[in-house]
Amino acid sequence: MTINCAIIDDEPLAAGLLESYVSKTPYLNLTGTYNSAITAMRDLRDNPVPLLFLDIQMPELSGVEFAKILPKDTKIIFTTAFPQYALEGYKVNALDYLLKPISYEDFLRATEKAQDWYNVLQKRETYNDDRIMFIKSEYKLLRVCLDDILYVEGLKDYVRICLKNGEKIMSLMSMKKLEDYLPRPEFLRTHRSYIVHMPEVRSIDRFRIVFGDIFIPISDNYKEEVQQYLDTHTLS
């Protein structure tokens with residue numbers, strides 16, 4: 001399984017080092033190297049890549065500013081010589097942060113995170129073709145059709161899957177594991193304790209999702225992604 005990637009760095013030596021690292025990493029394929037975000041913008045708009053090695057401090061448009069306009073599915077590994085920029089990188093949900101000079105060991109560690117993410121994504125797409133999953137509940141395996149799910153609630157070490165017919169299934173599982181499995185943006189995390197089946201949403205009141213007499217909050221940490229979903233499905 002190969003992951004296409006690109007490099008954006010205005011330092012030729014740093015860009016060359018990253019190119020050499022990519023070339024000897026079997027699961028990476030370099031599609032382009034750019035000396036500025038402005039130069040890369042047109043190519044990446046027409047031919048996006050799932051993984052981007054992005055310098056933070058660049059003229060005209062910084063890496064952090066560029067990251068904010070990239071598709072949400074683009075995973076970013078920031079590269080910089082300035083450790084004070086680490087917090088800024090994580091604010092835009094960077095996959096990892098590499099401090100120059102970058103060793104191959106650190107590079108490999110970061111790209112393995114990308115590989116893990118890509119493998120989960122591929123498996124999720126494959127498994128969800130038939131729109132079902134099997135959930136362990138007590139001593140049984142229960143078949144759940146994705147189309148029957150209304151929302152999922154996290155309860156410490158358990159999840160409660162709430163179905164449209166009123167049935168509730170409890171399973172010993174993390175929210176993160178279930179979130180990684182369910183297809184997005186059809187299923188969106190709206191709160192640390194909730195995943196919502198967005199096509200089933202009928203009403204949103206004061207930025208709370210309403211299912212009858214149940215109000216599911218949309219927290220600040222997940223508000224942006226939910227708002228993007230709403231923006232693409234709203235007529236004004």
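**Chat on turns, a helix face and a cavity**

Visitor: Does Glu138 count as buried or exposed, or what is its relative accessibility?

Guide: Glu138 counts as exposed because its relative accessibility is 74%, above the 50% that marks the exposed class. Please keep in mind that this is a predicted model.

Visitor: And where is Glu138 found?

Guide: Glu138 is found in the loop between β6 and β7, two strands that form a hairpin with 2 residues between them. Strand β6, residues 132-137, and strand β7, residues 140-145, pair in the antiparallel sense over 6 bridges, and within that pairing Leu141 of β7 is the bridge partner of Lys136.

Visitor: What about phi of Glu138?

Guide: Phi of Glu138 is near 55°, which is a positive value in a residue other than glycine. Most residues other than glycine have a negative phi.

Visitor: OK, and what is phi of Phe207?

Guide: Phe207 also has a positive phi, near 55°, and is likewise a residue other than glycine. Phe207 is found in the loop between β13 (203-205) and β14 (208-211), and with a relative accessible area of 23% Phe207 is partly exposed.

Visitor: Changing topic: which residues does a cis peptide bond join?

Guide: A cis peptide bond joins Lys100 and Pro101, with omega about -5°, and Pro101 lies in the loop between β5 (96-99) and α5 (104-127). Another cis peptide bond joins Arg184 and Pro185, with omega about 5°, and Pro185 has its place in the loop between α6 (175-181) and β11 (187-191).

Visitor: Now the helix α2: which residues are buried there?

Guide: In α2, residues 37-46, the buried residues are Ala37, Ala40 and Leu44. They cover an arc of only 60° around the axis, and therefore sit on the same side of α2. An α-helix has 3.6 residues a turn, so residues three or four places apart point the same way.

Visitor: What do the buried residues of α2 pack against?

Guide: They pack against β1 (3-8), β2 (28-34), β3 (51-55) and α3 (63-67), whereas Arg42, Arg45 and Asp46, on the other side of α2, are exposed.

Visitor: How many cavities of 30 Å³ or more does a search of the whole structure find?

Guide: The search finds 1 cavity of 30 Å³ or more, and the volume of the largest cavity is about 40 Å³.

Visitor: Which residues line the largest cavity?

Guide: The lining consists of Leu44, Pro48, Val49, Leu52, Leu70, Pro71 and Thr74, which divide into 6 nonpolar residues, 1 polar residue and no charged residue.

Visitor: One more residue: where is the place of Thr79, and which residues is Thr79 in contact with?

Guide: Thr79 is in strand β4, residues 75-80, and counts as buried because its relative accessibility is 0%. Leaving aside neighbours within four places in sequence, Thr79 is in contact with Asp9, Leu18, Leu54, Asp55, Ile56, Leu98, Lys100 and Ile102; Lys100 is also a residue of the cis peptide bond with Pro101.

Visitor: And for the chain, how many helices and strands?

Guide: The chain has 7 helices and 15 strands, and 46% of its 236 residues count as buried. Among contacts between residues at least 6 apart in sequence, 51% join residues at least 24 apart.

How values were computed: Residues numbered from 1 in each chain as written. Predicted model: local features only at pLDDT ≥ 70, side-chain atom pairs only at ≥ 80, totals over all residues. Heavy atoms only, no water. Buried < 20%, exposed > 50% of the residue type's maximum accessible area, 1.4 Å probe, protein only. Helix = DSSP H or I, 4+ residues; strand = E, 2+ residues; numbered from the N terminus. Arc of directions from axis to C-beta. Contact = heavy atoms within 4.5 Å. 1 Å grid on protein atoms, 1.4 Å probe; cavity = no way out; pocket = protein on both sides within 12 Å on 5 of 7 lines; lining within 4 Å. Points joined across faces, edges and corners; volume = space filled by probe spheres on them. Nonpolar A, V, L, I, M, F, W, Y, C, P; charged D, E, K, R; others polar. Pairing = 2+ DSSP bridges.
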